[in-house]
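Dear colleague,

Please find the structure below, together with its sequence. My notes on the model follow, and I would be grateful if you could read them alongside it.

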Amino acid sequence: MSDFVSSFWSYFISAIALGGIVWCVWLLFSQRAWLKKTVAQAEDTGHVWDGDLTELNNPVPRWWTVMYLLLCAFALAYLWLYPGLGTYKGWLGFSSADQVRSEQAALAERIRPVYERYTQMPIDQIASDAEARAIGQRLFLNSCAQCHGSDARGGPSFPNLTDADWLHGGEPEQIEQSIAKGRHGLMPPWKGTISPSEASDIAQYVRSLSGLAADALRVVPGKRGFDTYCVACHGAEGKGNPMLGAPNLTDNVWLHGSSEASIVNIILNGKENVMPAQERNLTPEQIRLLTAWVWGLSRQGGAAQASR
Ligand code: HEC
Ligand code: HEC
């Protein structure tokens, strides 16, 4: 109800709801003379079928009148107790959002014992606990697989979580931070500062860092460009910086593609890549199990583990 921008709709709804009940009561009241009649006094409507079948205007039975009034009273009581009249919150203060919240709290309370075992357990022990891994994988399939893939191996722009290559660091604390708070990878665009031909020289140099085929003549000016523009984040040797989420460019692991065209594109247009924070959807205990699961995947080479 608080979505209304003016109080008009609140009054409008209240008027329709209350007006409807008043109209129902008035309708009954306006028929009181007829309702008082007994069956013996009933009028003949004058309609006759099959020669002797006459239609009488009998008043409705008493129980029907009583039920009708009770229903009107019920409606009034309901509107008094529960939110139904515009912005009026109801005497009981009930709200379906509160109900959902309390059900969620009750559920969290029910599953708390399952997670309790792990609150004090070190991450490496959780990572090798079969039950914790099963829970971790289920949580991953529910909350993470849509982006990182059901085998956690990622895809274009979504990092592979099973390898030892990390944008933001692979220690448990860093992984936990990535999951709970999310990450915002930001590579600035260089269009205007770096010309397209300079960018492709730099791209050749970047490819050479991973041992990919590169034009030796262009690698030399490319390195000059890299040393000027890129080392601040990717480091003098191109090994990246987890504090900035700047990837290691020497390990032949590519988030956004290794072709000259895709590297030039990133240099000129930059890249913004967001991992949404999960702490609002998951409890700290769930994040802890996920951290251990992801950490365990990357430590054990991943694939076999992930498909289990
Ligand atoms: C909406 C898509 C999306 C979802 C859902 C998502 N992630 Fe991510 N995640 C990303 C992206 C994109 C990045 C890379 C951010 C960047 O480029 O800096 C990322 C990065 C990460 C990282 C850091 C990787 C590194 O190399 O440092 C971890 C760990 C991670 N995600 C785990 C998870 C887990 C666990 C879940 C489920 C609870 C999850 N993610 C859900 C998109 C997602
Ligand atoms: C301000 C810091 C910063 C600077 C300066 C910077 N980068 Fe980046 N770069 C990043 C970040 C952060 C990412 C990761 C973006 C993401 O999360 O997807 C990135 C990603 C990349 C990638 C994609 C890697 C992959 O795995 O696909 C390439 C290639 C790259 N940068 C090259 C360069 C080059 C070449 C320069 C110099 C012209 C440069 N960067 C300058 C921060 C920087």
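In these notes, helices (H or I, at least four residues) and strands (E, at least two) are DSSP runs, numbered from the N terminus. This is a predicted model, in which local features need pLDDT of at least 70 and side-chain atom pairs count only at pLDDT 80 or more, while totals for chains, interfaces and linings use all residues. Residues are numbered from 1 along each chain as its sequence is written, and chains are lettered from A and ligands numbered from 1 in the order in which they are written.

Overall form

The chain has 14 helices and 4 strands. Its radius of gyration is 35 Å, whereas a compact globule of 308 residues would have a value near 19 Å; the radius is taken over C-alpha atoms, and the globule rule is 2.2 Å times the number of residues to the power 0.38. Along the principal axes, the C-alpha atoms fill a box of roughly 115 × 50 × 45 Å. A residue is called buried if 20 or more other C-beta atoms lie within 10 Å of its own, exposed if 12 or fewer, and partly exposed in between, with C-beta atoms placed from the backbone. By this rule, 22% of the 308 residues count as buried.

Annotated domains

The UniProt record, an unreviewed entry, gives "domain: Cytochrome c" for residues 131–210 and 217–298. UniProt positions are in the numbering used here, feature names are shortened, and annotations may be inferred rather than shown by experiment. Residues 131–210 are 51% helix and 6% strand, with their end C-alpha atoms 39 Å apart. Residues 217–298 are likewise 51% helix and 6% strand, and there the end C-alpha atoms are 38 Å apart.

Under "binding site", the unreviewed UniProt entry lists Cys144, Cys147, His148 and Met275. These residues are spread over 132 residues of sequence, yet they cluster in space, the largest C-alpha distance being 10.3 Å. Cys147 is in helix H7 (residues 145–148), and His148 also has its place in H7. Are these two residues buried or exposed? Cys147 is partly exposed because 13 other C-beta atoms lie within 10 Å, whereas His148 is buried, having 21 such atoms within 10 Å. Leaving aside neighbours within four places in sequence, His148 is in contact (C-beta atoms, placed from the backbone, within 7 Å) with Gly154, Phe158 and Leu161.

Around ligand 1 there are 25 residues, of which Cys144, Cys147, Gly185, Asn273 and Met275 come nearest; a residue is near a molecule or strand if its C-beta atom, placed from the backbone, lies within 6 Å of it. At least two residues of this shell come from each of H7, helix H8 (172–181), strand E3 (183–187), strand E4 (271–275) and helix H13 (284–299).

Backbone points to inspect

Most residues other than glycine have a negative phi. Asp50, which is not a glycine, has a positive phi of about 50°. Asp50 is found in the loop between strand E1 (43–49) and strand E2 (53–57), and is exposed, with 5 other C-beta atoms within 10 Å. Asn252, also not a glycine, has a positive phi of about 55°. Asn252 is found in the loop between helix H11 (231–234) and helix H12 (260–269), and is partly exposed, with 13 other C-beta atoms within 10 Å.

With kind regards

Definitions and conventions
Two residues are in contact if their C-beta atoms, placed from the backbone, lie within 7 Å.
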